[in-house]
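Morning, everyone. I have one structure to walk through today. Please have a look at it while I talk.

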Amino acid sequence: MNQYLLSTHAAAGGMPEGAPSTPEEMQAFMGRVIALEAEMDAGGTFVFGGALHGPDAATVVSSEAGDVVMTDGPFVEAKEHIAGFYVINAADLDAALAWARKVSDATNHPIEVRPFRATGRVADHVNQMPEA
Amino acid sequence: MAAQGATDVESVFREVYGQAVATLVRVFGDITVAEDAVQDAFVVASDRWGSGGIPPNPAGWIVTTARNRAIDGLRRSARGRELYEQLGAVERVSSGADGDDWGEDGPVSDDQLRLIFTCCHPALRTEHQVALTLRLLGGLSVDEVARSFLVSESAMAKRLVRAKYKIKAAKIPYRVPADADLPERLQSVLSVVYLIYNTGLDDPERSSLRHEAMRLARALVELMPDEPEAAGLLALMLLSESRVPARTAHEALVLLRDQDRTMWDRAMIEEGHGIVRACIRRGQPGPFQLQAAIQAVHCDAHTFDVTDWPQIVLLYDHLVAIMPTSVVTLNRAIAIGETEGPGAALTALDAIASDLDNYHLMHAARGAMLRRLGRPQAAAAAYQRASDLAATQADRQFLAQQIEELAEGNSAVQHRPDGLAGSQGRTPGR
């Protein structure tokens with residue numbers, strides 16, 4: 001089984017275009033996301049995921065030769081930042097693309113699909129997981 | 001004789017490369033391993049075939065030799081041992097049957113089909129799809145592919161490495177898509193082949209790409225006899241190719257209306273017409289079949305004046321309905337110019353003018369219609385804009401002629417160029 005990161009981006013300092021703006025829209029949006037995650041869970045697709053707070057809440061930490069430097073803000077002051085993601089199990093890219101399409105339908109956002117390579121103990125954990 | 005022998009061996013290499021790589025990708029699950037193995041086998045073959053002659057089933061010979069050498073190589077290297085252990089496939093191979101299994105039909109054809117769907121996967125950018133298809137299926141060398149796209153060999157090598165990296169890392173599958181996805185995915189494959197053809201059409205120095213595209217299309221028709229769109233693409237290219245001898249004169253483009261139709265290749269037209277008729281009987285029209293049908297109507301006319309324009313407009317109406325792109329609308333507008341006159345055509349062109357502002361054929365078509373409407377200054381401006389955007393020397397030469405004629409005040413003459421688009425009716429697949 002392979003893993004993929006499905007991520008979406010949002011413009012800095014604001015809600016992404018097409019984001020729910022009324023309470024009714026928000027409720028419908030959450031309903032679609034909950035149904036989608038249930039579907040992912042049922043087939044053993046869902047590994048991990050969620051939404052991120054804004055880039056203003058980020059801190060960059062770098063440790064070099066014992067010195068720790070902290071910087072307020074994200075890595076790069078970019079127009080767009082990662083707003084949320086899923087890590088999923090999928091047989092191949094076609095299967096991952098099919099899930100990305102579902103996520104895009106549910107969230108109204110474009111989704112980037114990127115192969116995910118588990119490392120260290122995560123790799124062991126992944127290898128012990130039953131094949132979906 | 002020795003030189004002749006070497007040429008034979010080389011042409012066999014070109015022919016079997018795609019088959020051998022496709023089969024070995026299935027066996028080893030890795031394009032680079034497959035390519036290296038085939039290269040190794042070619043080295044052995046050029047040594048042995050020179051003296052012993054070409055074996056009756058060269059593709060099978062290459063696959064068997066490549067497979068054995070790749071397994072030897074994998075056993076020797078550390079990385080290879082790892083791969084070797086990972087791949088259940090190698091187990092099957094090393095204990096499997098000998099070279100007799102690798103006929104030209106059955107598994108080998110399926111392998112090629114799988115590989116072309118991998119190469120033309122929509123997750124790869126178009127120029128990577130094209131490069132991979134020419135390299136892996138067409139058997140062109142990296143240098144040949146590079147020259148076809150006017151980039152350096154090292155730039156093309158990097159492009160191919162990047163594309164192969166994505167296939168491997170993202171696990172782009174090596175299989176023919178499921179029925180539900182097949183029409184859309186096949187359209188992507190056919191578009192790549194048509195793009196290869198059109199690249200060969202734009203530049204006489206790259207004309208070999210046209211033959212490569214037609215070879216690939218023939219292979220696709222053979223591999224997927226039930227897919228009328230593959231047949232449609234082959235017919236479209238045959239009918240376009242039939243007119244190539246008449247298409248330029250003195251390095252300038254010659255419009256359809258001015259072409260010497262006795263120079264058209266009748267054999268190709270007959271084959272193309274036969275395919276179009278068979279497609280019509282099937283009754284499952286698609287974009288390539290409709291474009292072929294339009295070209296078939298053009299090729300059917302022994303003079304420009306007897307062209308069945310109402311039929312062509314009808315076919316464009318159908319094409320617009322299933323493929324509503326601006327370029328299709330442009331070609332339909334040019335046909336409207338013949339049935340309803342230049343005023344109606346100009347109105348249709350104005351509707352898409354902003355979408356196609358960077359497309360020289362749109363401005364050339366506008367120039368032609370404006371000229372017919374007796375507006376020489378506006379026509380010259382449109383032709384000039386077309387010329388600024390045109391990519392080929394033949395197009396620029398033609399446009400320069402039009403501007404010159406307008407300057408000489410010939411616009412009232414009953415000579416009505418219909419814009420460059422009318423000469424080919426080309427429609428980008430996507």
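One thing before I start. This is a predicted model. So please read every value as computed from that prediction.

Chain A, then. It has 132 residues, and 17% of them are buried. Its secondary structure comes to three helices and six strands. Along the sequence, the pattern reads β-α-β-β-β-β-α-β-α. Now look at the contacts in chain A with a separation of 6 or more. Of those, 75% are between residues 24 or more positions apart.

Next, the pairing of the strands. Find E5 of chain A, residues 80-90. Strand E1, residues 2-11, runs antiparallel to E5(A), and ten bridges join the two. Asn2(A) sits opposite Ala90(A) in that pairing. E5(A) also pairs with strand E2 of chain A, residues 46-51. That pairing is antiparallel too, with five bridges. Here Phe48(A) has Val87(A) as its bridge partner.

Stay in chain A for one backbone detail. Where is Asn108(A)? It is in the loop between helix H2, 93-107, and strand E6, 112-116. Asn108(A) is partly exposed, because 15 other C-beta atoms lie within 10 Å.

On to chain B. How many helices and strands does chain B have? It has 22 helices and two strands. The chain has 430 residues, and 44% of them are buried. For contacts with a separation of 6 or more, 64% are between residues 24 or more positions apart.

Chain B is divided into three parts: domain 1 at 1-174, domain 2 at 177-307 and domain 3 at 326-424. Between the C-alpha centres of domain 2 and domain 3 of chain B there are 24 Å.

Let me zoom in on one helix, H7 of chain B, residues 126-137. Twelve residues at 1.5 Å a residue should span 16 Å. The end C-alpha atoms are 16 Å apart, so expectation and model agree. Is H7(B) enclosed or open? Ten of its twelve residues are buried, so the rest of the structure largely encloses it. Among the buried ones are His128(B), Gln129(B), Thr133(B) and Arg135(B). Leu132(B), Leu134(B), Leu136(B) and Leu137(B) are buried as well. Just after the helix, Gly139(B) takes a positive phi of about 70°.

Chain B has a positive phi at a residue other than glycine, too. That is Glu251(B), at about 65°. It lies in the loop between strand E1, 248-249, and strand E2, 252-253, of chain B. Glu251(B) counts as exposed, because 12 other C-beta atoms lie within 10 Å.

Now the contact between the chains. Six residues come from chain B and six from chain A. On the chain B side, five are nonpolar, none is polar and one is charged.

Last, the core. Which residues touch the most other members of the largest nonpolar core? They are Leu6(A), Leu24(B), Val38(B) and Val193(B), in a core of 135 residues. Take Leu6(A). Leaving out residues up to four places away in sequence, its contacts include Phe85(A), Tyr86(A), Ile88(A) and Trp99(A). Ala100(A), Val103(A), Ile111(A) and Val113(A) are also touched by Leu6(A).

That is my tour. Questions, please.

Key:
Residues are numbered from 1 along each chain as its sequence is written. Chains are lettered from A and ligands numbered from 1 in the order in which they are written. This is a predicted model: local features need pLDDT of at least 70, side-chain atom pairs count only at pLDDT 80 or more; totals for chains, interfaces and linings use all residues. Domain bounds come from an automatic or database domain assignment. Helices (H or I, at least four residues) and strands (E, at least two) are DSSP runs, numbered from the N terminus. A residue is buried if 20 or more other C-beta atoms lie within 10 Å of its own, exposed if 12 or fewer, and partly exposed in between; C-beta atoms are placed from the backbone. Two residues are in contact if their C-beta atoms, placed from the backbone, lie within 7 Å. Ala, Val, Leu, Ile, Met, Phe, Trp, Tyr, Cys and Pro count as nonpolar, Asp, Glu, Lys and Arg as charged, and the others, Gly among them, as polar. A nonpolar core is a set of buried Ala, Val, Leu, Ile, Met, Phe, Trp, Tyr and Cys residues joined through C-beta atoms within 7 Å. The expected span of a helix is 1.5 Å times one less than its number of residues. Two strands pair if DSSP finds at least two bridges between them.
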